[in-house]
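Open the model in your viewer and get ready to select residues.

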Amino acid sequence: MMVIRTIFFQAYMWIELLLLMFVWLRVQWANKFSTREKRDALVDKIVRNWAKRLLFMAGAKVMVTGKENIPEGRTCVFASNHQSFFDILVLLANLDKPHAILSKASIGKVPLIRLWMKEIHCVYVDRADMKAGIEAINKMIEVINNGYSAIIFPEGTRSKTGEVGEFKGGAFKVAQKTGAPVVPVALDGTGALFERNHYWIKPGKVNLAILPPIETCGMGRAEFKELPAKTQQLVTDAKSAFVENDIK
C-alpha cells in the first residue's frame, strides 16, 4: 500500500506542477501589471492550496497549535526543526501564509518547483561554501527588509533520528540584522511519513506548534549569542510535549 501511495503521490505532484504552469503565466502577468498585494495574494493562495493537496494525498493529518503567536502585520523569522521533505509542505500550508524559505542549493535545481520557490522569494544556500552562505544570509535579510517573512531550518539538515539537532547561529543573523522577531516552530511526525519508511509514504499524524515570538530588536550581543540554543530548547520541549500527549 505504501508503494502504491508513493507512486500515486509522485505522479500527482508532477502532473499538477505541469498544469500549474498555466497559472504561473498568470502570476508573471501579475508581476508586471498588478499591485504587489494582489500578486502576493494570488501566489499565496496557489502555493498554500498546492501544499494542502499534497499533504492530503500523503495521508498527513496535521494538528496545528499556536497560530495566535504569529506576529500580526509584522515580518518575522520562523525557526523550525527539520525532519523531512514534508516539513516544507506542512509549513507552506499551515502558517499564516507561505513564506520565503532558506533552502539548500539542490532544491533550486529541481524543475518546476524552483519556479514557485522564486515566486515566494526563497533563497538558496550551499552549506559547503562559507562565502555563499554569507551571500545567502544577506539575500534573506533583503527579503525581510522588503516585507516578507522567512522560514529557516537552523539545524542545517534533516534529522535522521527525529531528535532536534544543534541550532546553528548563522541563520539567526537574519533576525539580528533586521530586528525581526524569531518565532520558534516545532514539528513532529513528518519523518514517519516518508524518510523513516525507506522513502515510502505512510499516512500518519503530524504535530505543528507555533511558539511565542522572541523579540530581537534591542537584543544585546551576549543575549543574541544565546538565542540559537534558547530557540533549540523551546522547540525540543515542545516536541517532547507532543510525544507525552500521544502517549496519554
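Two strands pair if DSSP finds at least two bridges between them. Strands (E, at least two residues) and helices (H or I, at least four) are DSSP runs, numbered from the N terminus. The model is predicted: local features need pLDDT of at least 70, side-chain atom pairs count only at pLDDT 80 or more, and totals for chains, interfaces and linings use all residues. Residues are numbered from 1 along each chain as its sequence is written, and side-chain values use heavy atoms, with hydrogens and water left out.

**Stop 1: β2.** Select residues 77-80. Val77 and Ala79 lie on one side, Phe78 and Ser80 on the other, and all are buried. Buried means under 20% relative accessible area, with a 1.4 Å probe and protein chains only.

**Stop 2: β6.** Select residues 182-188. Which way does β6 pair with β2, and over how many bridges? The pairing is parallel, over four bridges. Val77 has Val182 as its bridge partner, and Ala79 stands opposite Pro184.

Seven of the seven residues of β6 are buried. One side holds Val182, Pro184, Ala186 and Asp188; the other holds Val183, Val185 and Leu187.

Find Val185 and its partner in β7, Ile210.

**Stop 3: the largest pocket.** A pocket is an open set of points on a 1 Å grid over the protein atoms alone, where a 1.4 Å probe fits, with protein on both sides within 12 Å along at least five of seven lines; lining residues have an atom within 4 Å of a point. This one holds about 810 Å³ of space. Volume is the space filled by probe spheres set on the points.

Select Ser84, Phe85, Ile88, Ile107 and Arg158, the closest to the centre among 40 lining residues. Then show α1 (2-19), which gives the largest share of the lining, five residues. By class, the lining has 25 nonpolar, nine polar and six charged residues. Ala, Val, Leu, Ile, Met, Phe, Trp, Tyr, Cys and Pro count as nonpolar, Asp, Glu, Lys and Arg as charged, and the others, Gly among them, as polar.

**Stop 4: the second largest pocket.** Its volume is about 480 Å³. Select Val125, Gly133, Ile137, Gly170 and Ala171, the closest to its centre of 20 lining residues. Finish on α6 (130-145). The largest share of this lining, six residues, comes from α6.

Note on methods. Buried < 20%, exposed > 50% of the residue type's maximum accessible area, 1.4 Å probe, protein only.
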